[in-house]
Amino acid sequence: MDIVAIVLVIIGLLGLIASLVPTHQVCNIPDHQHNGWLVLLSMIFMFIFGYLGFLWTLFTHKVDTLDLIIAIIFCGGGGFVWLVTKMSRETIFKLKKTIQEKHYQTHHDPLTGLPNRNQFYEDIDKLIAEEDQVFSCLMMDLDDFKMINDTFGHAEGDHVLQVVADRITKMIPQDAISARLGGDELTVVLPSTLAEDAVIIAQAIQNELLKEISCESHSLIIGVSIGIAQYPKDGDNRKSIMKSADTAMYHAKKNDEHYQIYQTHLT
């Protein structure tokens with residue numbers, strides 16, 4: 001009976017020790033209510049010391065029926081704490097993942113994976129809120145994209161958009177903000193970049209997009225018209241800076257130019 005009681009308490013003790021891992025993981029989740037879990041973590045440590053104390057008593061005197069009953073309770077208690085903490089961690093992680101997926105789906109374009117209009121508005125507003133901020137906004141429109149859809153079908157058009165989005169992402173700096181606003185309308189914001197410097201990025205994007213895009217039975221080359229406007233010189237809020245860049249893009253397309261920096265006379 002002595003060995004049975006000792007083994008039962010050790011099993012319960014191992015359950016408590018194992019429960020420290022999921023409890024600690026939950027405590028480390030960012031933006032999570034940790035107070036209750038920190039209390040639970042402290043209590044588990046207290047239980048561990050209690051189990052060790054009881055285990056010591058089992059080694060120092062003959063085990064009776066009451067000790068065996070307590071050992072069974074300790075075994076079940078340790079297993080219960082481990083099971084509850086493990087299941088709670090899995091549930092919390094699953095909920096966090098679901099929330100993150102929902103947020104991603106709400107703020108990203110499902111076709112290209114780029115941020116959508118809503119996410120772009122949030123990002124550019126945060127940028128504008130920073131003091132003494134200067135950035136360039138690039139509005140882009142693919143040339144003759146409607147003809148691709150009409151000639152080859154929307155599946156090919158979707159493929160082209162995916163390739164274009166991937167190539168643009170590769171050409172812009174890591175801190176740049178990119179988005180698909182809708183249709184074939186794309187945008188990039190370059191923080192801490194003057195319009196004259198943004199031309200280099202615009203040219204790199206243009207050159208990358210002029211490479212052939214392989215489709216099922218043919219290859220396509222698609223150009224892009226880019227309008228560039230600088231904040232706050234060409235607009236002191238989100239609406240006005242996007243409008244200026246869009247105006248410049250319209251003139252680039254109209255004049256069959258690769259890009260156009262916004263000028264007052266364009267309006």
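Predicted model: local features only at pLDDT ≥ 70, side-chain atom pairs only at ≥ 80, totals over all residues.
1. Starting with the record: the unreviewed UniProt entry lists residues 6-24, 36-59 and 65-84 under "transmembrane region". In the model, residues 6-24 are 100% helix and 0% strand, with the end C-alpha atoms 27 Å apart. Residues 65-84 also come out as 100% helix and 0% strand, and there the end C-alpha atoms are 29 Å apart.

2. Asparagine 116 caps the N-terminal end, placing a side-chain oxygen 3.2 Å from the backbone nitrogen of asparagine 118.

3. Which residues of helix 4 are buried? They are Gln119, Phe120, Ile124, Leu127 and Ile128. The cover over them includes helix 3 (65-107) and helix 8 (238-254), along with strand 1 (135-142), strand 2 (177-182), strand 3 (185-191) and strand 6 (224-231).

4. Helix 8 passes the length check too: 17 residues at 1.5 Å each should span 24 Å, and the end C-alpha atoms are 24 Å apart. At its start, a side-chain oxygen of asparagine 237 comes to within 3.2 Å of the backbone nitrogen of lysine 239. Just past the other end, aspartate 256 has a positive phi of about 55 degrees.

5. The buried set in helix 8 is Ile241, Met242, Ser244, Ala245, Thr247, Ala248, Met249, His251 and Ala252. Among the elements covering these residues are helix 4, strand 1, strand 2, strand 6 and strand 7 (259-261).

6. How do helix 4 and helix 8 meet? Their axes are 10 Å apart and the packing angle is about 110 degrees, so the two helices are roughly perpendicular to each other. On the helix 4 side the contact uses Phe120, Tyr121, Ile124, Asp125 and Ile128, and on the helix 8 side Arg238, Ile241 and Met242.

7. Now for another helix pair. The axes of helix 5 (residues 145-152) and helix 6 (residues 154-171) come within 6 Å and cross at roughly 140 degrees, which makes helix 5 oblique to helix 6. Phe145, Ile148, Asn149 and Phe152 of helix 5 touch His154, Glu156, Gly157, Val160 and Leu161 of helix 6.

8. Glutamine 230 deserves a look. This residue sits in strand 6 and, at 9% relative accessibility, counts as buried. A polar atom of its side chain lies 2.9 Å from the backbone nitrogen of alanine 195. Leaving out residues up to four places away in sequence, glutamine 230 touches Val134, Phe135, Ser136, Leu194, Ala195, Glu196, Gly235 and Ile241.

9. There is a cis peptide to check: the bond from tyrosine 231 to proline 232, with omega near 0 degrees. Proline 232 belongs to the loop between strand 6 and helix 8.

10. Two loop residues also have positive phi without being glycine. Aspartate 132, at about 55 degrees, is in the loop between helix 4 and strand 1 and is exposed, with a relative accessible area of 76%. Serine 192, with phi near 55 degrees, is in the loop between strand 3 and helix 7 (195-209). Serine 192 is exposed as well, at a relative accessible area of 64%.

Key. Residues numbered from 1 in each chain as written. Heavy atoms only, no water. Buried < 20%, exposed > 50% of the residue type's maximum accessible area, 1.4 Å probe, protein only. Helix = DSSP H or I, 4+ residues; strand = E, 2+ residues; numbered from the N terminus. Contact = heavy atoms within 4.5 Å. Polar contact = N/O pair within 3.5 Å; in protein donor to acceptor, adjacent residues only side chain to side chain. UniProt positions renumbered as here; feature names shortened; annotations may be inferred. Axes fitted to C-alpha atoms, helices over the stretch in contact; angles between N-to-C directions. Parallel < 35°, antiparallel > 145°, perpendicular 65-115°, else oblique. Expected span 1.5 Å × (residues − 1).
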